[in-house]
Amino acid sequence: MKIRLRKKTALEKDLKKNQKAEKKELRQDKRAEKKDSRKEKKEIRKDTRDAKKEVRKSGVTGKDKRAEKKAIRKDKRSDIKDVNKEKKKKVSGIKEKIKDVKHGLNIIFPVKTANLALLREDLRDIKYSDGGGIKEMVYEDVPVILNEALSRARSLAEKGRKHIEKVIKKDRSEWVKAWNSDSLLKTWFGEAELANHAKDVFDRLSSVEKRLNKKISIRVHPQRDSGTNAQNNGTFFEPKTFKVFPKLFMNSLDPATSIPDYDYIGSVMIHELIHIWFTDQKLNDGTKVYGDVLAKKLAKENPRKARRSAENYEQFCITF
């Protein structure tokens, strides 16, 4: 059976090419840093040998000679330790950058010419500012905006997880009391009755944080008749893939400056990843929960549903 692979768009190819080039440059920086470190240690050892020669030539003997040599060896160990520490710090930083590039977004654009044309048209209707004046959005702007938003999403998820961790770090018998004493947790997820209620929220947000730090694929679709920002069909076959629509960028714009709110887009990413497990939750009257007002109402009305509501996780995380 012949399998036809999806063709990549020109922009996707360019993004992949730039990613490879960036990783190559960072690996070169890492090798150069290690080389410089070896050179420094070589010079330290040479200086140590020269210092020992000077001690021998000085005519110092006995206890004084041993003390001087001991001091030289101590200085050598200290200097080499400092060089290794500095190298480790710099190399670790470079490794983190390589990891960020490797685990960056995989942005998928429409392949069909007609769909790509629709997307371009939708984006042109968005007038935004990147700090250098108002302009029409083009589809080449999308990767820049989404990558910045991913960075914010990672930060928001981490802060949210750490906030809940304060409860989880206590003795299990104190979890319910600690949870219900926390106004932020109570506002967005309602009162906890069992320790497992706190653990469930913590585990879900921790899982989202881990997914955000792995490779995520985002399909950028034209708006068409869709009235939504983003969509995740909740499939386990693609746990790190969801769709976004031009409306997401439009809704993120600051009314005063027209600059995208990256925290907002990042919180939407968290929202969509929660949909891997749960669909949108509804109030008792059947209203779908969207926005902070309805999310707070759900937390009071039905804490169990609030702990499963993607909107409640989004609103909780964006408070940070």
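Below is a chat about charged and aromatic side chains in this structure.

Q: Before we start, what kind of model is this?
A: It's a predicted model, where local features need pLDDT of at least 70, side-chain atom pairs count only at pLDDT 80 or more, and totals for chains, interfaces and linings use all residues. Residues are numbered from 1 along each chain as its sequence is written, and side-chain values use heavy atoms, with hydrogens and water left out.

Q: Okay, aromatics. How many aromatic pairs are there?
A: A search of the whole structure turns up 5 aromatic pairs. Rings of Phe, Tyr and Trp (its six-membered ring) pair if their centres lie within 6.5 Å; planes under 30 degrees apart are stacked, over 60 edge-to-face, and the rest tilted.

Q: How are Trp 179 and Phe 189 arranged?
A: That pair is tilted, at 6.1 Å centre to centre with 50° between the planes.

Q: And which helices are they in?
A: Trp 179 lies in helix α5 (residues 175-181) and Phe 189 in helix α6 (residues 183-189), so the pair ties together parts that are 10 residues apart in sequence. Helices here are DSSP runs (H or I, at least four residues), numbered from the N terminus.

Q: Is Trp 179 buried or exposed?
A: Trp 179 is buried, with a relative accessible area of 0%. Phe 189 is buried as well, also at 0%. The cut-offs: buried is under 20% relative accessible area, exposed is over 50%, and partly exposed is in between (1.4 Å probe, protein chains only).

Q: What about Phe 316 and Phe 320, how do they sit?
A: Those two are edge-to-face, 5.2 Å centre to centre and 90° between the planes. Phe 316 is buried at 0% relative accessibility, while Phe 320 is partly exposed at 30%.

Q: Which residues make up the aromatic cluster?
A: Trp 179, Phe 189, Tyr 313, Phe 316 and Phe 320 form one cluster.

Q: New topic: how many salt bridges does the structure hold?
A: It holds 12 salt bridges. One counts when a side-chain nitrogen of Lys or Arg is within 4 Å of a carboxyl oxygen of Asp or Glu.

Q: What does Arg 152 pair with?
A: Arg 152 bridges to Glu 148, with the closest N and O atoms 3.0 Å apart. Both lie in helix α4 (residues 141-168), 4 residues apart, about one turn of the helix. Arg 152 is partly exposed at 30%, and so is Glu 148 at 31%.

Q: And which residue does Asp 203 bridge to?
A: Asp 203 pairs with Lys 199, closest N and O atoms 2.9 Å apart. These two are both in helix α7 (residues 195-212), again 4 residues apart, about one turn of the helix.

Q: How about Asp 141, buried or exposed?
A: Asp 141 is buried, at 11% relative accessibility. Its side chain meets that of Lys 135 in a salt bridge (3.9 Å, N to O), and Lys 135 is partly exposed at 31%.

Q: Which residues are linked in a network of salt bridges?
A: Glu 33, Glu 86 and Lys 90 are linked that way.

Q: Last one: which residues form the positive surface patch?
A: Lys 42, Arg 45, Arg 49, Lys 53, Arg 56 and Lys 57 form it. Patch residues have over 30% relative accessible area and no salt bridge, with like charges joined within 9 Å. Arg 45 is found in helix α1 (residues 10-58) and is partly exposed, with a relative accessible area of 37%.

Note on methods. Patch = residues over 30% accessible without salt bridge, like charges linked within 9 Å, V, L, I, M, F, W, Y side chains within 5 Å. Areas by Shrake-Rupley, 256 points an atom, 1.4 Å probe, with all protein chains shown as cover. Lys, Arg positive; Asp, Glu negative; His and termini not counted. Charge placed at Lys NZ, Arg CZ, Asp CG, Glu CD.
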